[in-house]
Amino acid sequence: MNSRLRRSALYMPGLNKRAMDKGRTLDADMLLIDLEDSVAPNRKQEARDSSAAAIGKGGYGRREVVLRVNAQDTPYWQDDLDVLTKCTPDGVLVPKINSPEDVLSASTAIRDRVGRRETDLWLMMETPSSVLNSREIAAVVGRVPALQGFVVGTNDLGKDSGVLPGHERLHLLPWLMQLVASAKAFGLDIIDGVFNDFSDEKGFEREARRGRELGMTGKSLIHPRQIAACNKAFSPSKEEIQEARKIVEAFSAKGSADKGVIVVDGRMVERLHLELAESTLARAGVEW
C-alpha cells in the first residue's frame with residue numbers, strides 16, 4: 001500500500017500562470033496541470049509553453065506535479081509529449097484509457113521522451129470501456145511499474161454513457177466500486193472525480209466523505225477552496241488515530257510481537273489490523 005499522501009488533487013489550467021504559481025503555496029497533495037479540457041485547441045501550444053516554464057521553475061515542494069496531456073488519438077498527443085523534454089513533472093496523466101493496449105502504448109511513448117528518467121503514469125478512467133476493462137488495465141502494472149493509479153472522470157463517464165449520476169451519485173456507484181476494486185487489487189491508488197459546484201461546500205464535504213467510504217485514495221478538485229475539506233475527509237480522524245495507536249502499541253508489547261492474534265479492549269485483533277493501523281498512522285503523519 002502506497003503511504004504517500006494523495007488526498008487532494010487540484011486541476012490547474014496549463015494556461016493559468018497565476019494559478020500554477022499559487023500552487024507552490026497551496027496545501028494540495030497533487031497538482032494536475034492540464035493541457036486537455038481546460039485549453040482551447042488554438043491555445044494548446046501556449047499552454048504547453050507556460051506549463052513547461054512553471055514545472056521547470058520548480059518550487060512545488062512535497063506536492064506531486066502531474067501533467068495531464070491530451071488523448072493518444074488526438075492531433076495534440078505528440079506535441080504534448082514534447083513538453084516532457086523541457087521539464088520534469090512527477091507524472092503524466094493520460095486521458096481516454098479504454099484498454100490495456102492503451103496503457104502500454106502510452107507508457108512506451110512517454111519513456112521514449114523521458115529516457116531513463118522516472119516519470120509516474122496515471123490513467124483517466126472516464127469511459128464505459130475503461131470500467132469494463134478496469135481489471136485488465138490495472139493488471140498492466142506488472143509490466144509498467146511506473147503506473148500509480150486511476151483518476152476517475154465522472155463527468156465524461158456520464159456524458160459517454162448517458163447515465164445521469166442521480167442523488168449522491170447513486171447510478172454511478174456500481175461503476176465506481178468496480179474501479180476501486182480493480183485499482184486496489186493491484187496496489188494502485190484511485191482518485192475520485194470532481195464535484196462541479198465549488199460554491200456548495202456542504203455538498204462537496206458529503207461527496208468527499210462518501211468517496212473515502214467507497215475506498216478512494218483521494219479526490220480531484222476544481223478550486224483551491226475545496227482543498228481543506230478534501231484533506232480532512234481523506235485524513236484519519238482523532239478516533240481512528242487513537243485506535244490505530246492502541247493496536248500498534250499492543251502488538252509491540254512484550255510477548256505480543258510474534259503473535260498472529262491478540263486482544264485489544266476485549267476484541268480479537270489480527271495482524272491484518274496491525275497493517276491497517278500502521279497505514280492509518282502513516283496517512284496521519286504519525287510516527288510509531
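A salt bridge is a side-chain nitrogen of Lys or Arg within 4 Å of a carboxyl oxygen of Asp or Glu. The structure holds 28 salt bridges. This is a predicted model, in which local features need pLDDT of at least 70 and side-chain atom pairs count only at pLDDT 80 or more, while totals for chains, interfaces and linings use all residues. Residues are numbered from 1 along each chain as its sequence is written, and side-chain values use heavy atoms, with hydrogens and water left out.

## Salt bridges

Side chains of opposite charge can pair when their charged atoms come close.

| Asp120 | Arg6 | 4.0 Å |

Exposure is given as relative accessible area: buried means under 20%, exposed over 50%, and partly exposed in between (1.4 Å probe, protein chains only).

The side chains of Arg6 and Asp120 meet in a salt bridge. This pair links distant parts of the chain, since Arg6 is in the segment before strand 1 (8-13) and Asp120 is in strand 5 (residues 120-125), 114 residues apart. Arg6 and Asp120 are both buried.

Asp27 lies in the loop between helix 1 (17-22) and strand 2 (30-34), and Arg62 in the loop between helix 2 (44-57) and strand 3 (64-68), so the bridge ties together parts that are 35 residues apart in sequence. Asp27 counts as partly exposed because its relative accessibility is 46%. Arg62, at 42%, is also partly exposed.

The relative accessible area of Asp80 is 0%. A contact means heavy atoms within 4.5 Å. Leaving out residues up to four places away in sequence, Asp80 touches Leu35, Arg48, Val69 and Asn70.

## Nonpolar cores and a surface patch

In soluble globular proteins, nonpolar side chains tend to be buried together. A nonpolar core is a set of buried Ala, Val, Leu, Ile, Met, Phe, Trp, Tyr and Cys residues joined through side-chain atoms within 4.5 Å. The largest core has 59 residues, of which Val94, Leu123 and Phe150 touch the most other members. Helix 4 (residues 100-114) gives the most to this core, with five residues. A second, separate core of 13 residues includes Ile247, Val248, Val269 and Ala277.

With residues up to four places away in sequence not counted, the contacts of Val94 are Val69, Gln72, Trp77, Ala106, Ile110, Leu121, Trp122, Leu123 and Met124.

On the surface, Val261, Val263 and Met268 form a nonpolar patch with about 290 Å² of accessible area together. Patches are made of residues with over 30% relative accessible area and no salt bridge; like charges are joined within 9 Å, and nonpolar side chains (Val, Leu, Ile, Met, Phe, Trp, Tyr) within 5 Å. Accessible areas come from the Shrake-Rupley method with a 1.4 Å probe, and for residues only the protein chains shown count as cover. Met268 is in strand 10 (residues 267-270) and counts as exposed at 58% relative accessibility.

## An aromatic pair

Rings of Phe, Tyr and Trp (its six-membered ring) pair if their centres lie within 6.5 Å; planes under 30 degrees apart count as stacked, over 60 as edge-to-face and the rest as tilted. By this rule there is one aromatic pair. Phe195 and Phe204 form this edge-to-face pair, with 6.1 Å from centre to centre and 75 degrees between the planes. Phe195 is buried at 14% relative accessible area, and Phe204 is buried at 3%.

## Loop residues

Cys87 is in the loop between helix 3 (77-82) and strand 4 (91-94), and is buried with a relative accessible area of 4%. Lys96 lies in the loop between strand 4 and helix 4. Its phi is near 50 degrees, a positive value in a residue other than glycine.

Definitions and conventions
Helix = DSSP H or I, 4+ residues; strand = E, 2+ residues; numbered from the N terminus.
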